[in-house]
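Hello,

Here is the structure I promised to pass on. Please open it alongside this message; my notes follow below.

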Amino acid sequence: MGGCFSVSLPCDQVVSQFSQLLCVRGSYIHNLSENLASLEKAMRMLKAQQYDVIRRLEREEFTGRQQRLSQVQVWLTSVLIIQNQFDDLLPSKEVELQRLCLCGFCSKDLKLSYRYGKRVNMMLREVESLRSQGFFDVVAEATPFAEVDEIPFQPTIVGQEIMLEKAWNRLMEDGSGILGLYGMGGVGKTTLLTKINNNFSKIGDRFDVVIWVVVSRSSTVRKIERDIAEKVGLGGMEWGERNDNQTPVDIHNVLRRRKFVLLLDDIWEKVNLKAVGVPYPSKDNGCKVAFTTRSRDVCGRMGVDDPMEVSCLQPEESWDLFQMIVGKNTLGSHPDIPGLARKVARKCRGLPLALNVIGEAMACKRTVHEWSHAIDVLTSSATDFSGMEDEILHVLKYSYDNLNGELMKSCFLYCSLFPEDYLIDKEGLVDYGICEGFINEKEGRERTLNQGYEIIGTLVRACLLMEEERNKSNVKMHDVVREMALWISSDLGKQKEKCIVRAGVGLCEVPQVKDWNTVRKMSLMNNEIEEIFDSHECAALTTLFLQKNDMVKISAEFFRCMPHLVVLDLSENHSLNELPEEISELVSLRYFNLSYTCIHQLPVGLWTLKKLIHLNLEHMSSLGSILGISNLWNLRTLGLRDSKLLLDMSLVKELQLLEHLEVVTLDISSSLVAEPLLCSHRLVECIKEVDIKYLKEEAVRVLTLPTMGNLRRLGIKMCGMREIKIESTTSSSSRNISPTTPFFSNLSRVFIAKCHGLKDLTWLLFAPNLTFLEVGFSKEVEDIISAEKADEHSSATIVPFRKLETLHLLELRGLKRIYAKTLPFPCLKVIHVQKCEKLRKLPLDSKSGIAGEELIIYYGEREWIERVEWEDQATQLRFLPSSSWLWRETQ
């Protein structure tokens with residue numbers, strides 16, 4: 001049986017509901033015309049309302065410090081949606097109205113008219129609702145974080161693309177929190193940081209806020225706080241009323257909840273992030289800090305152990321940038337101009353600031369004469385070039401002004417006396433500085449050197465001097481920085497004759513000077529001056545550089561009027577063979593360099609210069625005697641190495657009378673002198689460099705070397721000794737002395753040549769800081785370090801050559817081993833082996849050498865490398881690919 005379901009409703013209720021339904025549906029059709037008119041009017045009012053709200057928002061958001069309320073944004077979105085719906089509805093209006101009939105009470109198509117009418121009715125209600133919701137007392141509120149403020153900069157900066165990518169990648173590494181960019185003024189650090197800032201606008205919402213602060217030399221902690229606070233929405237009228245201690249607290253409370261980036265441009269000293277309320281960036285909070293500075297020291301104080309140096313552009317990059325600034329039309333205006341323009345660009349030495357300023361000045365110069373004149377000005381007096389003083393030198397001078405103390409500033413300015421690109425020996429600069437007085441004399445040579453090296457190191461880290469990459473003992477000046485130093489030395493160009501520097505410009509005579517009494521320093525080095533006859537009143541002159549000329553003669557009158565001359569350098573005047581007795585008139589002289597001259601006899605008047613503390617007589621191929629030198633009782637440094645001078649006992653006795661002597665370089669070529677000299681403890685302590693040569697086996701069978709703590713360089717050439725020992729290891733009681741005892745703590749370079757009786761050089765164990773070793777033409781050498789002898793000296797494990805960088809082994813026919821075991825060689829860069837047929841195995845394993853760098857093995861015979869017995873296959877794979885045949889003629 002099927003079930004039966006029934007619903008019972010009163011008849012009048014059914015009729016009533018049906019009538020209402022017909023009425024509602026009928027009204028959609030009957031009231032369509034009226035509803036459409038109402039909808040159009042309501043939409044006009046809604047659009048006007050929308051326009052008013054948008055205008056208010058634009059005013060509020062214009063500064064970037066206000067953010068629209070979410071409810072306002074939702075309302076605007078809803079208005080936009082309904083407007084699009086209205087625009088879709090309106091085109092059908094006329095068709096729908098024409099479909100109506102019976103005075104609008106019916107339709108030719110009830111179904112279509114009903115749907116259309118219903119849409120109009122519902123849209124009208126929604127529009128009215130939006131109108132009622134669109135009255136806002138507040139449309140925006142102060143936002144604590146704004147979007148990245150893009151900073152405009154030159155669209156194309158040549159040569160920084162790789163640096164930008166490297167800096168960006170390092171900053172964005174997960175473990176990286178803080179990035180330091182350092183470099184000299186005008187090199188493009190701000191441009192690089194600007195690019196980094198603008199890059200953050202391309203990575204969406206990875207950070208809540210990017211804060212850019214220009215610090216500069218004059219900035220205070222309060223200013224930095226204010227700039228950060230304004231960026232994070234803490235600024236306002238009440239800012240000036242805040243308690244100084246409360247400000248960093250407020251900043252910290254805001255930033256600790258957010259992921260931020262802080263970019264600090266041009267800082268000159270440590271910015272204490274904690275003091276300004278900035279949480280220290282870490283891997284945990286994901287925040288980043290990047291800054292630019294001219295000082296690597298500042299990077300260290302900011303906690304950046306491995307900062308990135310922003311360097312000058314390479315030559316081709318410099319030329320590309322210079323072409324871009326000058327423009328194609330100017331460069332193409334004459335066929336000779338591109339060649340001249342390259343010379344002008346080279347004068348900038350890759351410094352973007354100089355390339356921009358000089359390029360802009362030359363952009364409209366379209367004659368060869370103008371470009372030639374520009375080269376002349378930049379060569380002879382660059383400060384006179386348009387824009388050089390105001391736009392370049394003043395910018396660079398900030399680095400000079402930031403130096404701590406006059407001594408450091410004087411050292412920096414002194415470096416400008418040398419020619420462009422000149423490599424300045426650090427220790428030589430210290431010697432100049434001691435005599436000039438900008439490096440204080442301390443107790444002992446080592447303390448004085450340490451102070452001098454500290455000053456030079458500070459100048460390097462301040463990017464005012466550049467350290468040579470290969471030889472860290474030299475520094476040089478960037479050409480534009482040198483121009484700045486010369487400008488400062490001349491009282492910002494007001495007294496150009498105060499410091500006359502015409503080094504390396506091809507002079508054949510001493511330049512004309514209007515007022516010699518104003519000249520304090522003069523550098524005429526690296527020229528072609530042959531004779532000096534004139535005499536001038538030089539009452540203020542303290543430094544005179546005449547080295548590396550073609551000097552033949554200096555008149556007696558020349559030295560008469562220089563009462564305050566402290567430094568005189570005549571070195572490398574190879575044709576200079578005499579000096580006038582009037583040298584005695586230089587009563588203030590403290591530094592005198594005659595090295596590489598042909599003077600055969602020193603004037604007696606030289607011994608009257610009681611203030612002289614530095615005398616260099618090295619490489620004087622004609623010098624016969626210096627008897628009388630003991631009269632220079634104040635002498636501290638004396639150079640005698642590689643001169644014709646014969647060191648005899650009378651000279652040794654004179655040297656022993658120099659009570660203040662701290663440094664001496666000399667040759668020992670007589671067995672009669674060798675023993676007493678090496679037994680003189682005081683003289684031995686002074687020896688910095690020594691060449692021992694021509695000692696015959698019958699005179700010295702065993703060469704015993706005493707402890708020489710100041711020895712830097714040792715040469716042993718053409719000697720017949722059978723063995724070299726260390727003084728304290730010769731007695732039986734010293735058998736267990738450790739070779740780590742610093743008998744030669746400063747010895748860094750050793751040359752052994754034509755010593756045919758030697759079997760080994762085991763004594764080198766006592767030179768822990770050896771960096772360069774050359775052993776050649778000694779046919780009986782079998783071991784560099786004898787394992788048997790090494791064991792005799794110490795029961796401890798010996799690891800020699802931990803600082804060695806370069807090893808040359810030349811024509812050692814009997815050499816079998818460098819060392820019996822493999823060595824780490826943590827600093828070794830080059831091994832050169834030539835004509836060492838019996839040397840089959842090198843003391844290397846796969847872990848030897850500098851991690852991540854090639855150790856290059858040069859060899860003189862192609863068959864030698866084929867006979868090498870490698871420790872294992874891994875060692876062969878490590879070093880064989882970097883081995884290179886190098887032909888070298890040997891004697």
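Arg56 sits in helix H2, which covers residues 32-61. Bear in mind that this is a predicted model. Is Arg56 buried, partly exposed or exposed? Its relative accessibility is 26%, so Arg56 counts as partly exposed. The cut-off for buried is under 20%.

Which residues does Arg56 touch, apart from its neighbours within four places in sequence? The contacts are Phe136, Asp137, Val138 and Val139. With Phe136 there is a specific atom pair to look at: the Arg56 side chain comes to 2.8 Å from the backbone oxygen of Phe136. In sequence, Arg56 and Ala140 are 84 residues apart. In space, their C-alpha atoms are 8.8 Å apart.

Next, the aromatic rings. The whole structure holds 20 aromatic pairs. Tyr414 and Phe438 make up one of them, and this pair is tilted. The ring centres are 5.3 Å apart, with 55 degrees between the planes.

What does the pair tie together? Tyr414 belongs to helix H17 (residues 406-414). Phe438 is in the loop between helix H18 (426-436) and helix H19 (445-461). The pair therefore ties together parts that are 24 residues apart in sequence.

Both partners are covered. Tyr414 has a relative accessible area of 2%, so Tyr414 is buried. Phe438 is at 5% relative accessibility and therefore counts as buried too.

Tyr414 and Phe438 also belong to one aromatic cluster.

For Arg217, the ring is that of Trp268, and the charged end is 5.6 Å from the ring centre. For Arg749, the ring is that of Phe772, at 4.3 Å from the centre.

Finally, the protein as a whole:

- Secondary structure: 26 helices and 32 strands.
- Burial: 50% of the 891 residues count as buried.
- Contacts: among those between residues at least 6 apart in sequence, 61% join residues at least 24 apart.
- Surface: the protein exposes about 43,500 Å², and carbon and sulfur atoms supply 49% of that area.

Then go to the tilted pair of Tyr414 and Phe438.

Best wishes

Conventions: Residues numbered from 1 in each chain as written. Predicted model: local features only at pLDDT ≥ 70, side-chain atom pairs only at ≥ 80, totals over all residues. Heavy atoms only, no water. Helix = DSSP H or I, 4+ residues; strand = E, 2+ residues; numbered from the N terminus. Buried < 20%, exposed > 50% of the residue type's maximum accessible area, 1.4 Å probe, protein only. Contact = heavy atoms within 4.5 Å. Polar contact = N/O pair within 3.5 Å; in protein donor to acceptor, adjacent residues only side chain to side chain. Phe/Tyr/Trp six-rings, centres within 6.5 Å; stacked < 30°, edge-to-face > 60°. Lys NZ or Arg CZ within 6 Å of the ring centre and 35° of its normal. Areas by Shrake-Rupley, 256 points an atom, 1.4 Å probe, with all protein chains shown as cover.
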